[in-house]
Amino acid sequence: METAVSVVVDATLITLILALAAFGLAIIYGLVGVINMGHGAFLTLGAYLTWAATTAGVPFVPAVLLAALGVGLVGLALEHLIIRHFYDRPFDTLLLTWAFFLVMTEIIKIVFGTDFRNVASPLAGAIDLGTVKIPIYRATIALVSLALIGGTAFVFYRTTLGIKIRALIQNREVASLLGLDIALMYKLVFGVGACAAGLAGGLISPMLSVDPYIGNVFLVRSFFVVIVGGVGQLLGGTLIGSFFIGGSETLFALFSKQVFAQTVVFLLAIIVLRFRPAGLLRAR
Amino acid sequence: MTVDADKRFPAAGRITWRDIGASETGVAVVVLAIFALLPMVVSGYPIYILPQYMLFGMMAMSLGLMWGFVGILSFGQAGFFALGAYTMGLAMHTNWGINPAYVGLLLSLVVGGTLAAVVGYFLFSAGVRATYFVLVTLALSIMVEQVAVSQSEITGGWNGMFIDRMSLTFGPLGDVPLFDDAPAYYAVLPVVALSYVLLRWLVSARFGKILAGIRENEDRMTALGYNISVHKTRAFALSGAIACFAGALYGTHANFVAPSLGGVLFSTEVVVWVAIGGRHSLLGALLGGILVASLSNYLSTVTPEYWQLVLGLIFIAVIVFFKGGVAGAVAQLPRLWRTGRQP
Amino acid sequence: MTELLRTEGLAKRFAGLVANEDIDFRLEAGTIRCVIGPNGAGKTTFISMISGHLSPTEGRIFYKGRDVTPLSVVKRARVGIARKFQTPTVFDNLTAYQNVELAVLGTSCPSHKRRQRIFEVLDLIRLSELWDMPVQFLSHGQRQWLEVGLLIGVEAELLLLDEPTAGMTAEETGSTAKLVQRLARDYRLSVIIIEHDINFIRDLRAPVTVLHLGRVLREGSFDEVAADEQVREVYLGQDAG
């Protein structure tokens, strides 16, 4: 019983944190179709900027927002300088974003060094449910994740601006006929995706030791989240994908080592990708 | 109507499938000759370390085969490489009455080839997109790393595994231990050279032509009756076997393997080598592997961060401006020179 | 004459939309058949079901008396059914020689006779002199011919040609009709052609099947079909606008 409760709590927390980490990727891949291999670098940069800001005395929440803004700007720069010329060549954007990851990682190493950095958790302590203890910070992040994904999905699916953006992206011809600036929309979405990744990196930073490769832990898992959930399914897809990846990892970790559980989950994700390449949601 | 094609078009069929291929033969002979003669002029560290870079180059060729000739990019070649090294390490403890290193080499071919064939067919038969193949192979290399870490009783986990240098045994003719640098060098060089020759021959044979057809137009190949998933699977199995075999030799040469050898960073470094060397040229991939890895090793001690940064920027420049890498650029030089001379 | 291809009650529906319905079709070996019909008549759907690119909702396809309905594109190509697509689908970056070589490599042609065979095909499609040209530089008509050449090279017995003269000059269209006739007469190949070009169809002097709204409206010689009231109506109804 105790394990059952703690597994459910763990699975929920991991699902939502993973969803947070994958969300920026889901936006960029789902809406502009770029396989953003630089996602890990966005996360890492978000974490380091948060560390830098808090170290400089900025309180945690504004520090995270600043980090998100910074990563968003870097994303915009990347889009403007390179990616926008390659939208019709998805394979090249894959390689170029990976190259961005390599370059960004080295810049981070040069600027911040390679030592582990720690961001102090702004909310210490845990909620005691008798049988299990839930760290307050993790619980808060889980809620923030839910709110962020729900909020963004709301913007994209319920507000005029969001619906416009999606419609334009799905039908470039109509957009250009209407004289709307499709290039600007792509830029905006790319920037928002980078921003979301930076925010995620900042929020996750107190839970881990920050090192230059921290984002890599999430890169492949984020991709599997997006693919398993269904590309373009921002709300349901991201959550289901995260539950599939994160939740099952928690389950398998009960029976084996954490690292090995990840291997099993990757294997499962590959099988899903083979039989349901459009994701679990869409292939009903 | 009978046509004597040989008389009318004597060149046809002999030169048409060269791509960059045939023109690189001369360079390849010179390069291999230099490598063969090198130990007579140089000694010490370069002769110790070069075989390892040559094996990196061999892994790069296994990627070049997939990327340049089939049009499928794998981000998991280092996973096969590490798998080969671990296979070698485990095989070295066997006592089956034959040289355990031979067991390791043979097993590495079987393990790498089988794994690639299974993964390849599983994905290709469903028509999985090239971009997803990148992600799956990336995951594959992470999985090799993770298994190596988690199964520490067998693999030594984070601490890695020590592997003895192998000996060549020729039955009643005697043994040649490869503990010294020069014998080891001369054992690895022919293997790398042979794998280059084998691959060059394969890509110009029926096998390679069909792969080129698949790279150019899958729909047309299917409508002509070619089962493209089978051909892709063959190519990937070969690629996996070669990378794994190279890894096995690397393991026994370096005396050591750690999980990071199969990891994401190393796996994608291979992609950078091949992109810079030239993805459409096997020699480009081989030299890309050897030279960039050597340079990385040298410059990492001098200026580690900036070198990686520069390498990343070169990678971007190659993708944006020189898709054919150095080999592609060199192959275009004569043409530029000719057109430049025209009035 | 021996029957090469037969379909029984062939139907294809896309989510309730009828593309093909109840098509009974018969083709003798070594003959040509034109399939015509206004846009949306279901011509390409019909050919796609025979080539295996689409699987029928209902009905069966028999090739040389064998039920090939469950066979994939690859397997149908292996039994001798080959298709030319609406837009030329060739290997753009390869030379004409290499293109045909890829087709010949799929046959049992021994390697020492391969070159001879490739030039036979290239002669037939009049591309011998351009054997070393990357085919992206060929004219649209030449690329159409090249694709037909691929079907010959792979030794197909039933050629499915989807608008082979699209984008051709009048002269090219004329020689295409001669090529197709020659394939049937000298090489005993059977050909199903989808076409719009009335002159081309007339030149072919082959039986015509008219599709309308997914069904067979009329079958007969060109003159019979051209004189048919219903057929005229269908075409006029479309052209009137």
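Visitor: How many bridges join strand E1 of chain C to strand E4 of chain C?
Guide: Five bridges join them, and the two strands run antiparallel. E1(C) covers residues 3–14 and E4(C) covers residues 58–63. Keep in mind as we go that this is a predicted model.

Visitor: Got it. Which residue in E4(C) stands opposite Arg6(C)?
Guide: Phe62(C) does.

Visitor: And what sheet are those strands in?
Guide: An open sheet of four strands in chain C, in the order E2-E1-E4-E5, with antiparallel pairing. Its edge strands are E2(C), residues 17–28, and E5(C), residues 66–67, each of which pairs on one side only.

Visitor: Which helix lies across E1, E2 and E4 of chain C?
Guide: That's helix H1 of chain C, residues 43–51. H1(C) runs at about 60° to E2(C).

Visitor: What's in the loop between E4 and E5 of chain C?
Guide: Lys64(C) is found there. Its phi is near 50°, a positive value in a residue other than glycine.

Visitor: Why point that out?
Guide: Because most residues other than glycine have a negative phi.

Visitor: Okay! Is Lys64(C) buried, exposed or in between?
Guide: Lys64(C) has 15 other C-beta atoms within 10 Å, so it is partly exposed. A buried residue would need 20 or more, and an exposed one 12 or fewer.

Visitor: Where else in chain C is there a positive phi in a residue other than glycine?
Guide: Glu155(C) is one of them, with phi near 60°. Glu155(C) sits in the loop between helix H5 (140–153) and strand E7 (158–162) of chain C. It has 18 C-beta neighbours inside 10 Å, so Glu155(C) counts as partly exposed.

Visitor: You mentioned E7. What sheet is that one in?
Guide: E7(C) belongs to an open sheet of six strands, ordered E6-E7-E8-E3-E9-E10 in chain C, and the pairing is mixed. At the edges are E6(C), residues 81–84, and E10(C), residues 215–220, each pairing on one side only. On average, neighbouring strands here are turned by 20° against each other, ignoring direction.

Visitor: How does E10(C) pair with E9(C)?
Guide: They run antiparallel, joined by five bridges, and E9(C) spans residues 208–212. In that pair, Leu211(C) stands opposite Val216(C) of E10(C).

Visitor: Which helices pack on this sheet?
Guide: H1(C) packs on it, touching E3, E6, E7, E8 and E9 of chain C, and its direction makes about 150° with that of E7(C). Helix H6 of chain C, residues 170–187, packs on it too, touching E3 and E8 of chain C. The direction of H6(C) makes about 155° with that of E8(C).

Visitor: Let's switch to chain B. How do helices H5 and H11 of chain B meet?
Guide: Their axes come within 7 Å and cross at roughly 150°. That angle is over 145, so H5(B) is roughly antiparallel to H11(B). H5(B) is residues 100–124 and H11(B) is residues 228–254. The crossing is right-handed.

Visitor: What kinds of residues are in that contact?
Guide: There are 16 nonpolar, 11 polar and one charged.

Visitor: Last one: how many residues from chains A and B make up their contact?
Guide: There are 28 residues from chain A and 28 from chain B. On the chain A side, the elements giving two or more residues are H4 (90–112), H9 (216–229) and H11 (258–275) of chain A. H4(A) gives the largest share, 14 residues. That side divides into 20 nonpolar, three polar and five charged residues.

Definitions and conventions
Residues are numbered from 1 along each chain as its sequence is written. Chains are lettered from A and ligands numbered from 1 in the order in which they are written. This is a predicted model: local features need pLDDT of at least 70, side-chain atom pairs count only at pLDDT 80 or more; totals for chains, interfaces and linings use all residues. Two residues are in contact if their C-beta atoms, placed from the backbone, lie within 7 Å. Ala, Val, Leu, Ile, Met, Phe, Trp, Tyr, Cys and Pro count as nonpolar, Asp, Glu, Lys and Arg as charged, and the others, Gly among them, as polar. Axes are lines fitted to C-alpha atoms, for helices over the stretch in contact, and angles run from 0 to 180 degrees between N-to-C directions. Angles under 35 degrees count as roughly parallel, over 145 as roughly antiparallel, 65 to 115 as roughly perpendicular and the rest as oblique. A crossing is left-handed if the near helix is turned anticlockwise from the far one by less than a right angle, and right-handed if clockwise. Two strands pair if DSSP finds at least two bridges between them.
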